[in-house]
Amino acid sequence: ADTSPHPRDAVIVQATRTPLCRARKGGLAQHPPATLLSTVLSGVLLKDPTQPASDDNYLLSPSSIQDICIGNVLSPPTSAVSFRMAALSANIPHTTSLSTTNRQCSSGLQAVANIAHAIRCGSINIGIGAGVESMSANPMHELYEKFPPEVDWDTMQNCENSQEVMDCLIPMGVTSENVAKKYQLDRVTLDTFAAKSHEKAAKARSLGKFKSEIIPVGNVTEDDGIRPSTTVDKLARLRPVFDKNNGTTTAGNSSQLTDGAAAILLMSREEANKRNIPILAVWKSFAVEGVPPKIMGVGPVYAIPSALQKACIGVDDVDVYEINEAFASQAYYSIETLKLDHAKVNPNGGGIALGHPLGCTGARMIVTLVNEMRRERKRLGVV
């Protein structure tokens with residue numbers, strides 16, 4: 001593949017996020033999703049998102065944004081209206097179009113991909129990919145109660161591949177247990193992985209590593225789910241949630257229910273050069289791969305090699321990996337199967353410590369990755 005710079009390369013010029021806060025009990029619980037989204041849409045247009053908006057602090061005029069794509073999972077269908085209102089309240093004019101996308105836990109990543117691909121093919125020159133979720137306002141456990149799948153149940157239960165069809169209804173926590181059992185992952189391994197996530201995140205926060213990527217929401221300035229005192233021994237006291245007798249998945253080695261938003265500003269390389277805007281990262285490749293519904297969390301095992309192959313990059317060539325920690329089981333299995341260096345993966349902690357606001361996480365991981373690569377002068381990163 002031709003890796004030389006091209007005028008239509010999609011490049012990232014700014015990336016920011018809100019603090020990630022515990023659902024219901026955390027600092028963002030009383031803020032609706034539109035507020036979180038408006039905050040990052042305003043901030044991502046600034047040279048320094050941590051400082052107030054001013055003429056001198058804008059990277060470019062809000063009117064320059066041609067399209068916005070928002071990743072979200074749990075908000076009701078009216079969220080399309082809420083998010084449009086959020087964009088307008090962020091002083092982005094009505095001439096900027098907006099859409100939403102839902103690829104479950106990768107929704108924020110897919111939103112950024114949609115904008116990057118629109119830039120690559122010449123549909124737009126400048127756009128924002130973002131993700132938002134308020135698991136306080138829209139609790140995950142209420143989703144199927146409010147919006148049950150609209151299917152012909154007789155057909156689904158009696159079709160040729162009915163088992164796999166019905167596996168789509170398996171709760172995510174049960175899929176975590178399926179992964180642990182299928183690949184023989186024991187409780188100590190998972191608790192150790194979870195404790196390490198908190199340790200890395202606590203260290204990163206204490207060193208101020210997240211300050212450059214977080215834009216405050218009101219007086220909320222930092223993530224509130226990180227537990228520095230977490231140890232393997234403490235996690236061992238927690239009971240399994242989804243298989244109470246023989247399970248390994250607990251609240252401690254699963255991601256937290258979280259509120260948050262993240263946004264990434266992209267443009268063509270030609271546009272960035274014309275405007276003299278520094279380039280933080282170049283979008284090189286993207287891949288999606290399907291997996292059996294009953295072990296849905298192992299997607300990285302298949303998607304990462306596919307994306308690397310498209311970019312002609314080897315697994316060991318990558319400096320930093322951001323892999324979602326929905327559950328310790330699927331994250332640990334993915335890392336081990338891909339034979340990744342653990343030191344390169346989630347160096348500042350992941351979803352178990354920081355939290356996993358479903359529609360936001362994919363975009364949040366890009367924000368964290370780009371800031372880590374800039375800070376540590378790294379060259380290649382993967383989400």
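In sorting residues by class, Ala, Val, Leu, Ile, Met, Phe, Trp, Tyr, Cys and Pro count as nonpolar, Asp, Glu, Lys and Arg as charged, and the others, Gly among them, as polar. On that basis, in this predicted model, the lining of the second largest pocket divides into eight nonpolar, five polar and six charged residues. The pocket holds about 390 Å³ of space, and among its 19 lining residues K196, K200, H342, N346 and P347 lie nearest the centre. Two elements, α8 (187-206) and α12 (328-337), each give two or more residues to this lining, and α8 gives the most, with eight residues.

Elsewhere, helix α3 (residues 107-120) packs against helix α14 (residues 358-376) at an angle of about 60°, their axes being 4 Å apart. In this contact S107, G108, L109 and V112 of α3 meet G359, G362, A363 and I366 of α14, and the residues involved comprise four nonpolar, four polar and no charged.

How many disulfides does a search of the whole structure find? The search finds zero, and C159, for instance, is in no disulfide, the nearest cysteine sulfur, that of C168, being 9.9 Å away. For C360 the closest cysteine sulfur belongs to C21 and is 11 Å away, so the pair is too far apart for a bond.

Technical notes:
Residues are numbered from 1 along each chain as its sequence is written. This is a predicted model: local features need pLDDT of at least 70, side-chain atom pairs count only at pLDDT 80 or more; totals for chains, interfaces and linings use all residues. Side-chain values use heavy atoms; hydrogens and water are left out. A disulfide is a pair of cysteine sulfur atoms within 2.5 Å. Axes are lines fitted to C-alpha atoms, for helices over the stretch in contact, and angles run from 0 to 180 degrees between N-to-C directions. Contact means heavy atoms within 4.5 Å. On a 1 Å grid over the protein atoms alone, a cavity is a set of points where a 1.4 Å probe fits but cannot get out, and a pocket is an open set with protein on both sides within 12 Å along at least five of seven lines; lining residues have an atom within 4 Å of a point. Grid points are joined across faces, edges and corners, and a volume is the space filled by probe spheres set on the points.
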